[in-house]
Amino acid sequence: MTSQGGISGRRLLAYSVPIASVLAALVLGALMLIALDASPVEGVKAMFDGAFGSGKALTATLLKATPLLFVGVGITIAFRANVINIGGEGQMVMGALLSTIVALNMPDVPAAIMLPAVLIAGLIGGAIWGAIPGALKAYYGVNEILSTIMLNVVAVQFMNYLLRGPLIDPAEIERGTRIPQTERLPEAADLPFLFGSDRLHIGPLLAIAAAIAAYILLWRTPLGYRVRAVGQNTDASRYAGIPVKRTIVLALTMSGAMAGLAGAVLVFGSESHRMVTDGSTAGFTGSAGFNGIVAALFGALHPLWTIPASFLFGGLLVGGNALQRAVQVPAALILALNGLVVVFVVSTEGFRRRLLERQPAVVEEPAAEPEKEAPDPPDTGPPPAPDGGGS
Amino acid sequence: MLEMRGITKRFPGVLASDNVDFDVFPGEVHTLLGENGAGKSTLMKILYGLYEADEGEVRLHGEPLSIKNPTDAITHGIGMIHQHFMLVPPLTVAENVALGLKSSRGVLTDLDAVSERIVELGETYGLHVDPSAPIWQMAVGEQQRVEIIKALYREAKLLILDEPTAVLTPQEVDQLFVTLRQLKDDGCGLIFISHKLHEVLALSTRITVLRHGKVTGSVPVEGATRESLAQMMVGRAVKLAPDKTEAKPGNVALKIRGLRVARDRGGDGVRDLDLDVHAGEILGVAGVSGNGQMLLAEAIAGLRAPSAGSIEIAGTEVVGMTPKQVRTTGLAYVPEKRMKDGAIGDFTVSENILLIDHNDEHYLNHGLFDFGAIKKHSRQLVDEYTVKTPTLDTPARNLSGGNIQKMIIARELSGTPEVLVAAQPTRGVDIGAAEYIHTRLIKQRDEDTAILMISEDLDEVFGVSDRVAVMYEGQVMGIVDPRTATREEVGLMMAGVEQDETA
């Protein structure tokens, strides 16, 4: 039997894997800087200062981290049901669109009604865009990775159509410029600022609340229990009477709802207070729908760990921009650096998981245990116990 | 002919084989007996070259031997009949036997010569098979004969038989034993691995018992009894036949009429089956695996839609209901594959106990889990059913098979069900836990639950049931009283002979 100390040692090692992989990616980034005749020391300093070095930097990081956290929390919920949601981008767009439509259609209500209304609309928009691949998977066996990616493409076209047509700012038509954007959305829908700041809005707080809510949902409610049970062992769940298909749909619906919230927060927390498209999803989402997946992986696919993970990853993105300005390297380098971080974090995920797998205390003779299937467990993440620590 | 001395094999955290001595003489059947995890398979895998021993020595015919892989083993005349056959289904018997061997004709096959030799071996040892028949068309018993022929064709003198009777009807077992005795008389050494005590006593010349990787005894068959062997396996006296009083059957709690259930691959696996199980009785369903027992169980539990017929639980028609709805009519279900269908390995013991009633308001407080109430409930069940677990928060996968099964049974019986369907309730479970589970089933019967127990283990069927139904190809061949029926009678019915014909 493995001693208790041995387990926690392994766990500690396991938790340090994502951090080590980010550092490794940064080292490679530094080598690229050297190759470009830029000083890596200066580069790292610029990055750190740009991300965490000042109030302004911290604000930028927090705002960058917000959609990552929403999406990442959604990823953790889907992951617990053993479903992979690559549709964060589309779900963000749909959440943003529905909340924009709601705001445009009730221009005169007070903020106390407007704010909850647009946030709920964002939630619903994303939820619908998650429920569709969820139902396709549960009832027709359609691979959710493919369907969520495809729905991203559908969502961006839908956004372009709406912002160029029905939702376009009438002023754009008058002027003949036809920039695909909405009019200035009602002020009642502007996300309130925190601490008298003129940039930092309540978005980060909402995202943290969402992470905590997801934690409570997953580990303290019957619905979350079902999600985890289905994710760990579909057969045993079915035998125990859990409605497996409905649970899968619900998990993807909730996952999409989180991304939808991210979309709404992006619109109503934006400086222009409009929804704008440049024709691509990334132009609106800043790729948060994908980067949120990395943040969730970085956070060991646990909603609470995803909070610091999103913050760090947001800092990396903001710091990358600062680096580019400070040492005058091509923008492509920053993209490459982000790509490296993603590749390193994702590819060491399996290693981290193996470290977390506990040694069985009882070794059965494999041949003598015909019913003992070798299960392929998805990672259990930090506290597997229902009353595990964390909050 | 074979000597294994001081064999030691360590796995992380476990001593799988602890200084084990084992030998085989020509012309004897040396049985290796022990519970799951006792080290039987480990020892045989070392002999067959699948594992390497950390310490110890293997000698064959007095020569020290180093076997690195199964090919070495085969070259040295060691053959192994695996529990799960190693045959290629689309190929014929001759092709399977020739597989991996050099042809006497170079690049061309010599299947006709192989076939001749197969027929020859078949005649010598009563292993009759058609060399040109493809494997997939053959019954399990026939496939096993092919496995034995394969080993003999490679001139094996030392045969390892890993639980060879697990998949056979009693008649097939008898037939196998005839062959094995003949091999023994011809001077082969046989290593027989089993945990079925009556078979061990019937076939062996010597018996070595392993427990926790150590030899606890090595005795000649003369003088050994089932009780003495069981005691060596478990380390304490065990009751092999559970005590039970006369059943007092009440009303019909589970009523099945005209049930047809389709197999996954098409065709009806259960055909026009009628069955009644009364409250307060245990109806054992005997049969060779794959004769529709599992389809029947899944249909009752709502996990598989029947194509025709009706199933009533406590007077309620359950065909067409979801598994959850069926459970609310009073069904409890202990599935055959406990790690796949009965428990969630990565969930804690506490969470596993919660699996069927996690929505119960007892465990909730304003919609959130009340972990105090949950702990209390699981603690009570774990204590009552003597589930051995370090803590309630231990993942179920770390428990032994017997304790996982006790945990599942505790969960399923905690709601005092009207009907319990228990599939292979003690398969792969250690004797102590099996003994406990049988006692529990009988206790539940006495509390007026109707129990349908599906089992391939005739000892269990005879020891625990009040009535025995025998299934063959999706139908009930007959229902017998276990107090008066004989194994032979049941065995014939398992092979498809109607009850009337056996009388």
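In chain A, helix 14 (residues 306–327) packs against helix 15 (residues 331–347) at an angle of about 150 degrees, and the two axes are 9 Å apart. Angles over 145 degrees count as roughly antiparallel, so helix 14 of chain A is roughly antiparallel to helix 15 of chain A. The model is predicted.

The crossing of helix 14 of chain A past helix 15 of chain A is right-handed. On the helix 14 side of chain A, the residues that meet helix 15 are Leu316(A), Leu317(A), Gly320(A), Asn321(A), Leu323(A) and Gln324(A). Their partners in helix 15 of chain A are Ala331(A), Ile334(A), Leu337(A), Asn338(A) and Val341(A). Sorted by class, this contact of helix 14 with helix 15 of chain A holds seven nonpolar and four polar residues, with no charged residues.

A second pair in chain A consists of helix 2 (residues 40–52) and helix 3 (residues 55–80), which pack at about 80 degrees with their axes 5 Å apart. Helix 2 of chain A and helix 3 of chain A are therefore roughly perpendicular to each other. Asp49(A), Gly50(A), Ala51(A) and Phe52(A) of helix 2 meet Ala57(A), Leu58(A) and Thr61(A) of helix 3. The residues of this contact of helix 2 with helix 3 of chain A are four nonpolar, two polar and one charged.

Chain B also has a helix pair to describe. The axes of helix 14 (residues 401–413) and helix 15 (residues 431–446) of chain B come within 10 Å and cross at roughly 10 degrees. That angle makes helix 14 of chain B roughly parallel to helix 15 of chain B. Helix 14 of chain B passes helix 15 of chain B in a left-handed crossing. Helix 14 of chain B contributes Gly402(B), Asn403(B), Gln405(B), Lys406(B), Ile409(B) and Leu413(B) to the contact, and helix 15 of chain B contributes Ala433(B), Tyr436(B), Ile437(B), Arg440(B) and Gln444(B). The contact of helix 14 with helix 15 of chain B has five nonpolar, four polar and two charged residues.

The table lists the residue classes of these contacts.

| Helix 14 with helix 15, chain A | seven residues | four residues | no residues |

Chain B contains an open sheet of four strands in the order 12-11-14-15, with antiparallel pairing. Its edge strands are strand 12 (268–278) and strand 15 (316–317) of chain B, each of which pairs on one side only. Strand 11 (residues 252–262) and strand 12 of chain B pair in the antiparallel sense over seven bridges. Lys255(B) stands opposite Asp276(B) in strand 12 of chain B. Helix 9 (residues 293–300) of chain B lies across strand 11, strand 12 and strand 14 (308–313), and runs at about 65 degrees to strand 12 of chain B.

Chain B is divided into domain 1 (2–234) and domain 2 (252–502). The C-alpha centres of the two domains of chain B lie 33 Å apart. Their contact takes nine residues from domain 1 of chain B and 13 residues from domain 2 of chain B. On the domain 1 side of chain B, the elements that give two or more residues are helix 6 (170–185) and helix 8 (226–234). Helix 8 of chain B gives the most to that side, with three residues. The residues on the domain 1 side of chain B divide into five nonpolar, three polar and one charged.

Note on methods. Residues are numbered from 1 along each chain as its sequence is written. Chains are lettered from A and ligands numbered from 1 in the order in which they are written. This is a predicted model: local features need pLDDT of at least 70, side-chain atom pairs count only at pLDDT 80 or more; totals for chains, interfaces and linings use all residues. Domain bounds come from an automatic or database domain assignment. Two residues are in contact if their C-beta atoms, placed from the backbone, lie within 7 Å. Ala, Val, Leu, Ile, Met, Phe, Trp, Tyr, Cys and Pro count as nonpolar, Asp, Glu, Lys and Arg as charged, and the others, Gly among them, as polar. Axes are lines fitted to C-alpha atoms, for helices over the stretch in contact, and angles run from 0 to 180 degrees between N-to-C directions. Angles under 35 degrees count as roughly parallel, over 145 as roughly antiparallel, 65 to 115 as roughly perpendicular and the rest as oblique. A crossing is left-handed if the near helix is turned anticlockwise from the far one by less than a right angle, and right-handed if clockwise. Two strands pair if DSSP finds at least two bridges between them.
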